[in-house]
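Biologist: Hi! Could you walk me through this one? I'm still learning to read structures.

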There are 2 protein chains.
Amino acid sequence: MSLDKILKAKSVAIVGASKNETKRGYQAIRTLIDERFEGVIYPVNPKEESILGYKCYARVADIEGPVDMALITTPARSLLTVLRDCGKKGVSGAVIIAGGFGETGVDGRELEQKVVEVAQKNDIRLIGPNTSGMMNLKDHLNLVGLRQAPEGNIALLSQSGNMALTLITEAKLKSQKGFSYYVGVGNEADLRFHEYLEFFRKDKDTRAILMYVEGMRDGRKFLQQAYKTTLEKPVILLKSGRSSIGKRSAGSHTGALAGISEVARTAFKRAGIVVIKRSDQLFPAAETLSSLPPMKNNQVAILADGGGHATIAADMLTDLGVTMPELSEKTQAKLKKILPAAAAVRNPVDVAGGTDADPTVFADCADILLKDPHVGGLLLVGLFGGYGIRFAESLALMEEDAAHQMGKMVVKRDKPIVVHSLYSSERPHALHLLRYYNIPVYDSLDIACKCMGVLSEYGTFLRSYHAKANFVFNWRSKARAEGAAIIKKALEEGRNVLLEPEAKKLMQLHGAAKGGDVLVKSADEAVEAATRIGRSVVLKIVSPDILHKSDAGGVRLNLATAGEIRESFEDIMNSAIRYNPDADIRGVLVSPMAEKGLEVIIGTKIDDQFGPVIMFGLGGIMVEILKDVAFRVLPISERSARKMMEDIKSYKILEGIRGEKSYDRKALKNLLLMVSEVIESYPEIEEMDLNPVLVYQKGLALVDARIILNPERKQPKW
Amino acid sequence: MSLDKILKAKSVAIVGASKNETKRGYQAIRTLIDERFEGVIYPVNPKEESILGYKCYARVADIEGPVDMALITTPARSLLTVLRDCGKKGVSGAVIIAGGFGETGVDGRELEQKVVEVAQKNDIRLIGPNTSGMMNLKDHLNLVGLRQAPEGNIALLSQSGNMALTLITEAKLKSQKGFSYYVGVGNEADLRFHEYLEFFRKDKDTRAILMYVEGMRDGRKFLQQAYKTTLEKPVILLKSGRSSIGKRSAGSHTGALAGISEVARTAFKRAGIVVIKRSDQLFPAAETLSSLPPMKNNQVAILADGGGHATIAADMLTDLGVTMPELSEKTQAKLKKILPAAAAVRNPVDVAGGTDADPTVFADCADILLKDPHVGGLLLVGLFGGYGIRFAESLALMEEDAAHQMGKMVVKRDKPIVVHSLYSSERPHALHLLRYYNIPVYDSLDIACKCMGVLSEYGTFLRSYHAKANFVFNWRSKARAEGAAIIKKALEEGRNVLLEPEAKKLMQLHGAAKGGDVLVKSADEAVEAATRIGRSVVLKIVSPDILHKSDAGGVRLNLATAGEIRESFEDIMNSAIRYNPDADIRGVLVSPMAEKGLEVIIGTKIDDQFGPVIMFGLGGIMVEILKDVAFRVLPISERSARKMMEDIKSYKILEGIRGEKSYDRKALKNLLLMVSEVIESYPEIEEMDLNPVLVYQKGLALVDARIILNPERKQPKW
C-alpha cells in the first residue's frame with residue numbers, strides 16, 4: 001500500500017480536538033491553520049459544537065466528506081473505539097500520539113498488539129504510538145505542533161521527538177536547508193522504518209534521508225530496503241543504545257529491542273548507509289549529502305589561511321580514511337604564482353597571508369585546486385567570511401565575490417567544497433552566499449572534516465557498489481531436499497540439535513568436502529573404519545543428549561593402533577553413560593586425525609533485529625581474549641565473505657607472516673558462502689557453530705560442527 | 001629566571017613602529033592604546049619623529065627610561081642588530097613576530113640558532129619567532145592585535161595564531177569565561193612550553209591552562225613540569241600532527257619535530273594532562289575544568305526531558321569511561337514523588353513531561369540527585385532554557401529560578417553540573433544565569449558529555465595521584481660504577497654496542513637473576529660449561545661485529561650431548577668467519593636452554609621530544625601483527641610498570657586464560673623497573689632490546705639482550 005493517503009493526506013480528522021489552548025487537540029488545529037494546511041480539517045469531540053471556527057464532529061464516522069487520516073490525541077485506553085470508528089469511515093491512516101504501550105512493559109505490549117490488530121482489521125495504517133507526530137512540509141500538513149520548521153529536501157525519520165526538535169532547530173539556525181517530511185516513528189507498532197524508507201526513496205521532494213534510531217522491529221527488511229535506497233539517495237543514520245545504560249534508556253523510551261550494535265554498524269555500512277556516531281555531526285552530514293556531489297575519488301585538497309587549522313584538518317581527515325595527495329608540480333607551480341613565497345603549496349595549502357589584502361585569492365586557489373584531476377574535493381578552513389569583520393569592511397565585498405565564484409565552481413567541476421569558518425556564528429554575508437550555492441559552512445573544524453569524510457565515504461560506496469549484491473547461491477534442489485529431510489528427521493525425533501554427522505552431512509550437501517568420518521556402533525567397527533582411513537584417528541561420542549562432548553569424556557584424539565582404538569571406544573562409551581545414564585547414544589564417530597592447521601571459528605545466530613548473522617574469527621586467543629571477530633548479516637555475497645575475513649585484525653596471519661605461506665583463503669571464503677547458503681536454505685536453523693575449522697595452505701577441515709534448530713522459526717527470504 | 005618582566009612587562013618598545021595603518025608596527029601601538037595598557041609605550045623607528053603622539057626612538061638603546069620588553073615586528077634579517085641594541089638597553093625579553101626561521105628549512109634553522117645565541121649573550125629571553133604575539137589580559141598588555149578578547153582565568157599557550165583566535169572567539173561568543181594570558185609559542189627557539197607552564201602554575205590569576213601543540217622541543221622537561229602543575233591546576237591540551245600529512249603540515253608551520261604520538265598521548269595522560277582530540281571540545285573542556293569542581297567519583301546522573309537525548313548521552317558517557325549507576329531506592333522514591341508516573345527514575349532520569357508546566361522541577365530533581373552520595377556529578381540534557389521560548393513566556397521566569405537554585409547547589413554540594421540545551425544559541429536568560437554560576441552550557445550534546453568526561457578524568461587523576469611519582473630506584477653505587485665500567489670499556493674499544501654477556505651483566509648488576517651463561521673460547525670449554533650447567537644448552541656467537549646472530553648461523557639450540565656441543569661449536573665458528581671474515585670473535589656463549597614460557601618483548605629508545613621511552617608487548621603475533629604494545633616515557637614508577645602491562649589487550653594472557661595459571665607479573669614488573677633504572681643510570685644507552693624474555697608461572701628468563709650506545713648522548717636527569 002502506498003503511504004500517500006497518510007503522508008500526503010488531503011483531509012485530517014483531529015480526534016480529541018479541544019478548545020483548551022494547553023491541549024494537544026487544540027494546538028494541532030491551531031498549527032494546521034497557522035501553517036496554512038490547504039486540505040480539510042475536521043475536529044472530532046463529542047462535547048463541542050465547533051472549535052476555532054470549524055464544525056466539530058462527535059465521531060469520525062459522522063464526517064460527511066472523505067477523511068484520509070486521523071490524528072489521535074486521546075489516551076491509550078480510548079484507542080480501540082476510535083480506530084473502529086475510523087474504520088467505519090474508511091480512514092487510511094492514523095497518527096497515535098499517546099504513550100503507555102510497548103515502552104512500559106508487558107501490559108503495554110499487549111495493548112499495542114491489540115491496537116495493531118484492530119487497525120489491520122479496519123485497513124488503517126498506524127504511525128506511532130508514542131510519537132510526537134508527523135509533518136509534510138510541502139503540503140503544510142503539520143501534525144507536530146512545532147512551527148516554522150524550515151522546508152527543504154531532507155526527510156527526517158526519528159524515534160525521539162527531542163532529537164527531531166534538535167535537528168530541525170539546527171537546520172533553522174545554522175543552515176539554509178530544511179525538511180520535506182518528518183515522521184516520528186515511535187514504537188513502530190505498525191508502520192516500520194523500511195516502509196517509510198521506500199516512500200522517501202520514491203518521493204521526488206526528498207534528496208536525502210536522515211534517521212535517528214533506537215531500535216528496529218525489522219532490521220532485516222530495513223536493510224533490504226536500504227540496499228535499494230542508498231543507490232538513489234543518501235541515508236544518514238545515528239543509532240543510539242550502544243551501551244548497556246543506553247539500551248536501558250532506549251527500552252524505557254521506545255520499547256526498542258537491544259541490538260548487537262557491531263552487527264548493526266557493519267550491516268548499515270554495507271548497505272551504503274552513512275552511519276554517524278556523534279549527534280552534532282548528524283544534521284551536517286545530511287545537509288552536505290543532500291546538496292553536494294559525492295566525491296569521485298577519495299582525495300581532498302585542504303586550503304587554509306593558517307597552519308594550525310590545516311594540521312588539525314589533516315589529522316582528522318586521515319582518521320576518516322580520506323587521503324590528501326601531494327599536489328602535482330603543475331598545480332603547485334600555479335599556486336606559487338599567486339601566493340607569497342612563504343606559502344605551503346604541497347597540500348595542505350597554506351596561503352601564508354596571501355589572502356589578507358584580497359580574499360578573492362581564495363577563489364583563485366580553489367579554481368586551481370579543483371581543476372587538478374587528482375583532487376576530488378576541497379576543504380577550505382580558517383577565517384574565510386571574517387576578513388571583512390576582522391580587518392576592513394571592503395574585504396567583505398571581496399569575500400562575497402569569492403563566494404560567488406566558488407559556488408559556481410562546485411557546479412562547473414561537479415566537485416564538492418566544504419568550508420570551516422570560525423566566523424560562522426557571526427553570520428557574514430559571504431557565508432550566507434556560500435550556503436546559497438549549497439556549500440555548507442561550519443564553525444567546528446571537526447564537523448567540516450566529517451562532512452568531507454561522508455562525501456568521500458558515500459562516493460566510495462557508489463563507485464564500489466556493483467559488486468556487492470551478488471549473492472552466490474548454488475541452489476540444487478536435490479541438496480535442499482536431502483538437507484530438509486535431515487532436519488525433518490531430527491525434529492520428528494523431538495531433537496532441537498543435529499548430531500555432528502548430520503551437521504557435517506548438511507554442509508557437504510552444500511559443497512563442503514567429505515571429511516571421511518564414519519559412524520560406528522562397536523569397537524570392531526571402529527578398528528575397521530580406522531583401517532580404511534589409514535592413519536591416526538579421533539573418536540567422538542554421538543548423542544543428541546551430549547552437546548559438550550569433551551566434558552563428558554567423549555573425545556579421544558590421535559589414536560594409531562587397534563589396541564588404542566578399542567580401549568578408547570570402551571572408555572568413551574563408559575564415560576558417556578556415567579555422564580548421562582539416560583543418554584540416547586547413537587554410536588561413535590571415527591574421523592581422520594586432522595593435520596595441524598590454523599584454527600578458525602565460524603558461527604551463526606539469529607539477531608532480534610537483523611535475523612541470521614554470521615561471525616568469523618581465528619580460534620583461540622584471537623576470539624576469546626582479543627575479541628577479534630567480524631560480523632555480517634546473512635546472506636553474504638562473495639565480496640562480503642572476502643571483506644569479512646579482511647576485517648579482522650589478525651587477517652595478516654591468514655595472509656602468511658614471517659615468510660610463511662598463506663592459508664587457503666579461497667577455501668575459507670567458499671566455506672563462509674556455504675554457511676550463508678545453508679542458513680538461507682533452512683529457516684529452522686537457529687544457531688550453527690563450526691569450531692574449529694582447520695585451514696591449511698591448501699584446503700581446510702571441518703573438525704566439528706554443531707547446529708541448533710528451532711522449528712518455530714520462519715525467516716523472511718532475503 | 002622569572003618571566004615576570006616579560007609576561008608582566010611595564011614598559012614595551014615597539015621595534016618597527018610605523019605610521020602606516022596596515023603595518024603590524026602601527027597596529028601594535030594602536031591596540032595597546034585602545035586596550036588601555038597602563039605601562040609605557042616606546043615606538044622605535046629611525047625614520048620617524050613620533051607615532052600616534054608618542055615620541056619615536058631611532059634605537060632601543062636611545063630610550064631614556066627602563067624597557068622591560070621589546071615587540072620586534074621587523075623582518076628576520078634585522079634581528080641580530082635589534083637584539084644587540086636591546087641588550088645594550090638591558091631589555092629582559094622580546095617577542096619576535098617574523099617567520100622565516102626553523103620552519104623554512106636548514107638556513108632558517110641556522111639563523112634561528114644564531115638569534116638565540118645573540119639573545120643569550122645579551123640576557124634576553126625570546127618569545128617566538130614565528131608567533132602572533134602575546135597578551136596579558138589583566139594588565140591590558142596586548143601585543144597581538146586582536147581586540148576585546150574576554151578576560152578570565154584560563155591561560156592559553158598556542159603554537160597556532162589561528163587556533164588562538166578560534167579559542168578566543170569561541171570564549172567570547174559561547175561562554176562567559178576568558179583568558180588571563182595568551183602566549184603564541186611559535187618555534188620555541190628560546191622560551192619553551194615548560195617555562196611558560198611553570199609561570200602559569202604560580203600565577204594567581206590563572207586557574208586552568210589550555211594548550212594547542214604541534215611539536216615540543218623538550219617534551220621531557222615539559223612532562224616534569226606537568227607533573228607538578230596538574231596537581232594544582234588542570235592542563236588541557238590538543239596535540240596535532242598525529243598523521244603523516246598532519247606532521248608535514250606542522251613541519252612547514254612551526255618547524256615542529258614529528259613526535260611518536262602514542263608515546264605523547266600516554267605520557268601526557270600519565271602526567272595528569274587532559275588530552276583532547278577534537279578541536280571543538282578544547283575550549284569547552286578548559287571552560288569546565290577552570291570553573292567546576294572535579295568529580296569525587298566516576299558516577300554521573302543524567303537528567304533529561306526526552307528519551308532520545310538521554311540515550312545518546314548514556315552511550316557517549318560510557319565511551320568516555322564514566323559510569324551511570326542505578327539510583328538508590330531512596331533517591332528513586334523521592335523522584336517518583338515529584339515526577340509523573342511515566343517518568344524513568346533509574347538513571348538516566350527522564351522527567352516525561354514533568355517539567356512542562358513548571359521547569360523549577362528540574363532544580364528539585366537536581367537537588368535530589370546531587371544529595372545522593374553515589375552521584376558525583378549531574379548532566380542535564382534537553383530543552384532547559386527553551387521552555388520560555390517554546391511554550392509560554394511565564395515559564396522563562398521559572399527556568400531562571402531553577403538556574404539560580406542549581407547554581408547554588410553546585411557550590412553547596414561541591415559537585416559539578418553540566419548542561420546541554422538545544423536552545424543555547426538562542427541565548428535565553430536562564431542559560432546566561434547558569435553560566436554566571438559557572439555551569440557550562442552547550443548546544444552540542446557530545447560536547448556536554450565530553451565536559452562531564454573530563455571532570456571525571458581529572459577527578460580520577462587527582463584521587464589516584466599519590467602513587468604515581470614514586471620512582472623506585474635501588475641505586476647502589478657499586479652497581480653503577482661496575483656498569484659504567486662495562487660501558488666505558490665498550491666505548492674505549494670503539495664499539496657502540498654491548499656484547500650479549502655485557503648487556504646481561506649490566507641487567508644483573510641492577511637486580512636481574514643470573515642466567516648461568518658462560519663465555520667460552522673452545523669446544524672443550526663449551527662441553528665443560530654445559531656439564532656444569534647440567535642440562536641442554538644453547539650456543540651463541542659473541543662478536544661486536546655480528547649483531548644478527550641467527551643470520552650469521554651463530555645460534556644453536558637444545559644441545560644435549562658432548563658430541564652435539566663440539567660439532568655445534570665448530571659450526572658456529574666456521575659460519576661466523578664465513579659471514580664476516582674480519583669479525584672480532586670474542587667466543588661463544590653457553591646458556592642453559594630456556595624452558596618454554598610466554599614470550600615478552602621489552603625495548604627502549606630515545607624519542608626526539610620525550611627522551612628515553614620504553615615499549616612492552618607479548619612476543620610473536622601480538623607485537624608483530626596486532627601491534628599490541630604499550631609505551632611509557634622513562635623513568636617509570638611501580639604503578640606505571642603495572643599499568644603498562646595492563647594496557648595491552650593481550651594482558652589477559654598474562655593473567656592466565658582457560659584455567660591456566662597466571663604468569664609471574666611481579667617478576668615482569670620488576671624487570672620493567674630494572675630497565676627503567678638502567679636507562680636512567682647510563683645516559684649513553686641509545687637503545688635496549690630484551691627480545692625475547694620468557695615469563696613463567698614463577699620467574700622469567702632473559703634469553704637475549706642487546707644494548708646500543710651513543711657516547712654523545714647526555715640525558716637530563718628526571
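Modeller: Happy to! Let's start with one pair of strands: strand 22 (residues 537-542) of chain A pairs with strand 23 of chain A in the antiparallel sense, over three bridges. Please keep in mind that this is a predicted model.

Biologist: Which residue stands opposite Lys540(A)?

Modeller: That's Val555(A), which sits in strand 23 of chain A.

Biologist: And what sheet do these strands form?

Modeller: An open sheet of four strands in chain A, in the order 21-24-22-23, with antiparallel pairing. Its edge strands are strand 21 (518-520) and strand 23 of chain A, each of which pairs on one side only. From one strand to the next, the twist averages 25 degrees.

Biologist: What holds strands of a sheet together, in general?

Modeller: Strands pair through backbone hydrogen bonds, and they can do so parallel or antiparallel.

Biologist: Which strands does helix 19 of chain A lie across?

Modeller: Helix 19 (residues 500-509) of chain A lies across strand 21, strand 22 and strand 24 (587-592) of chain A. Relative to strand 22 of chain A, the helix runs at about 110 degrees.

Biologist: Back to strand 23 of chain A. What about Asn558(A) there?

Modeller: Asn558(A) is in that strand, which covers residues 555-559. Its phi is near 55 degrees, a positive value in a residue other than glycine.

Biologist: Is Asn558(A) buried or exposed, and why?

Modeller: Asn558(A) counts as exposed because it has 9 C-beta neighbours inside 10 Å, and the cut-off for exposed is 12 or fewer.

Biologist: Where does Asp414(A) lie, and what is its phi?

Modeller: Asp414(A) lies in the loop between helix 15 (393-413) and strand 18 (417-421) of chain A. Its phi is near 55 degrees, again a positive value in a residue other than glycine. Asp414(A) is exposed, because 11 other C-beta atoms lie within 10 Å.

Biologist: New topic: how do strand 1 and strand 2 of chain A run, parallel or antiparallel?

Modeller: Strand 1 (residues 11-15) and strand 2 of chain A run parallel, joined by five bridges. Ser11(A), for example, stands opposite Val40(A) in strand 2 of chain A. With helix 2 (residues 24-34) of chain A, the two strands make a right-handed β-α-β unit.

Biologist: How many residues of strand 2 of chain A are buried?

Modeller: Four of the five residues in strand 2 (residues 40-44) of chain A are buried, so the strand is mostly covered.

Biologist: Let's zoom out. How many helices and strands are in chain A?

Modeller: Chain A has 25 helices and 30 strands. Its C-alpha atoms fill a box of roughly 100 × 80 × 40 Å along the principal axes. Of the 718 residues in chain A, 55% are buried.

Biologist: How many residues of chain B are in contact with chain A?

Modeller: 56 residues of chain B are in contact with 56 residues of chain A. On the chain B side, helix 11 gives the largest share, nine residues. By class, that side has 21 nonpolar, 26 polar and nine charged residues.

Biologist: Last one! Which peptide bonds are cis here?

Modeller: Among them are the bond from Asn691(A) to Pro692(A) and the bond from Leu634(B) to Pro635(B), each with omega near 0 degrees. Pro692(A) is in strand 28 (residues 685-695) of chain A, while Pro635(B) is in the loop between strand 27 (629-633) and helix 23 (638-647) of chain B.

Methods. Residues numbered from 1 in each chain as written. Chains lettered and ligands numbered in written order. Predicted model: local features only at pLDDT ≥ 70, side-chain atom pairs only at ≥ 80, totals over all residues. Buried ≥ 20, exposed ≤ 12 C-beta atoms within 10 Å, placed from the backbone. Contact = placed C-beta atoms within 7 Å. Nonpolar A, V, L, I, M, F, W, Y, C, P; charged D, E, K, R; others polar. Pairing = 2+ DSSP bridges. Right-handed = clockwise from strand over helix to strand, strands pointing away. Axes fitted to C-alpha atoms, helices over the stretch in contact; angles between N-to-C directions.
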